[in-house]
Amino acid sequence: MKWLISAFLSAILLQPSFAQGKEYGMADFDKVEKIDMHAHFATGSPYNLDLAGESRFRFLSIEVEKGTWADVFRQEELLASLHRRYPEKIAYVGTFSLEGIDEPGWLEKTIQWIEKCRAQGSVAVKAWKNIGMEFRDRQGRLVMIDDPRLQHVFRYLEEKRIPLIAHLGEPRNCWLPLEQMTTNNDRNYFRNNPKYHMYLHPEMPSYEDQLAARDRMLDRHPGLRFLGCHLASLEWNVELLAKWLDRYPRAVVDLAARIGSLQHQTLRDREKVRQFFLRYQDRILYGTDSAFRETTQAARDKESLKKMWLSDWQYWVTDEWMEVAKVNGKFQGLKLPGEVVEKIYARNALRWLPEAFPAAGAPARK
Ligand SMILES: [Zn+2]
């Protein structure tokens, strides 16, 4: 009998620390380990790290290519130094510039740069929507993500097993008039950034063109470790997103700035969205797209950060009726199992990108 009890006890103790059969509530917010897989630190004096610490948040800060190598160098210097100062709290992802893509030596320069960033601590490479939506080569042609000149870079990443974190295309709302957009955050963004509002630029590639170029690139690099930012720009339809995840079984997605699109779908069919999360619970990574710019914003951001974090938490862990600024209407929280909540907040990120953060309480992985 005694051995039975002790076998039973050790079986319990040897369970992985997943919250099996457990559910979380609003009061548990600070209990769960969290990684914001999509943040942008743009200041050398990061603030609200204490707040993040209380809520068990760590960050992956992502560089964004804004057109020149000089700007990429500046961002790398900033993020590499932040990572050196806060290695436990801030990991980061470097990027490269398309500037000079027509010139001989661009590929070598780019590969060398990627290696330099890696040596400084960058754990992946970022590609941004300027690929496909903004950058033009010397002939005036838009450079799409499946451009032959870029494939050497992606082959290199594939061979070296360096992850590519890519924000390609935009939410489908970008191709709709403002009044037809499904979320208020998209409506505000495109009202303020008309140059990216593709509905106003019918000469530019369509939504479908952007995603098709992305998928052709992925088809050419089946071994590439790929994270599709912003729900891989398939935020508006969980069925299409599910098909895409089935088609690219190695790929993962982040939720950054697209939770409103899921909430909009929840308004109509909560169970469909909930089933999506249950089925793809290993492929979805939490992210917020929070920008940390100057210290003067710290106090204002503190309040809005905590409010946003808690609103997202409420959506995952409760079945309460909710209203958020991002969507018009009331919807019910998804009340996901505790294990799924833990995976979305940190476990998936730790598994997919073990380079970024040593798992809490575990020795650093080699
Ligand atoms: Zn972003």
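Modeller: Two residues are in contact if their C-beta atoms, placed from the backbone, lie within 7 Å. Residues are numbered from 1 along each chain as its sequence is written. The model is predicted: local features need pLDDT of at least 70 and side-chain atom pairs count only at pLDDT 80 or more, while totals for chains, interfaces and linings use all residues.

Colleague: Which residues does Leu164 touch, not counting those up to four places away in sequence?

Modeller: Leu164 is among the residues with the most contacts inside the largest nonpolar core. Such a core is a set of buried Ala, Val, Leu, Ile, Met, Phe, Trp, Tyr and Cys residues joined through C-beta atoms within 7 Å. Buried means 20 or more other C-beta atoms within 10 Å, exposed 12 or fewer, and partly exposed in between. Beyond four places in sequence, Leu164 touches Ala124, Val125, Ala127, Phe154, Leu157, Leu224, Arg225 and Phe226.

Colleague: Which helix gives the largest share of this core?

Modeller: The core has 86 residues, and Leu60, Leu285 and Val341 also stand among those with the most contacts inside it. Helices (H or I, at least four residues) and strands (E, at least two) are DSSP runs, numbered from the N terminus. The largest share, eight residues, comes from residues 338–352, that is, helix α13.

Colleague: Which residues of α12 are buried?

Modeller: Helix α12 runs over residues 298–317. Its buried residues are covered by elements including α2, α11, β9, β10 and α13. Those buried residues are Leu305, Trp309, Trp313, Tyr315, Trp316 and Val317.

Colleague: Which strands are the edges of the open sheet?

Modeller: The sheet has nine strands in the order β8-β7-β6-β5-β4-β3-β2-β1-β9, with parallel pairing. Two strands pair if DSSP finds at least two bridges between them. Each edge strand pairs on one side only, and these strands are β8 and β9.

Colleague: Which residue of β6 is the bridge partner of Ile165?

Modeller: Strand β5 covers residues 164–166 and strand β6 covers residues 226–228. The two pair in the parallel sense over three bridges. In β6, the partner of Ile165 is Leu227.

Colleague: Is Ala232 buried or exposed?

Modeller: Ala232 lies in helix α9 and has a positive phi near 55°. Asn48, in the loop between β1 and α2, also has a positive phi, about 65°, and is partly exposed, with 19 other C-beta atoms within 10 Å. For Ala232 there are 26 other C-beta atoms within 10 Å, so this residue is buried.

Colleague: What percentage of the chain counts as buried?

Modeller: The chain comes to 13 helices and eleven strands. Of its 366 residues, the part that counts as buried is 42%.

Technical notes
The expected span of a helix is 1.5 Å times one less than its number of residues.
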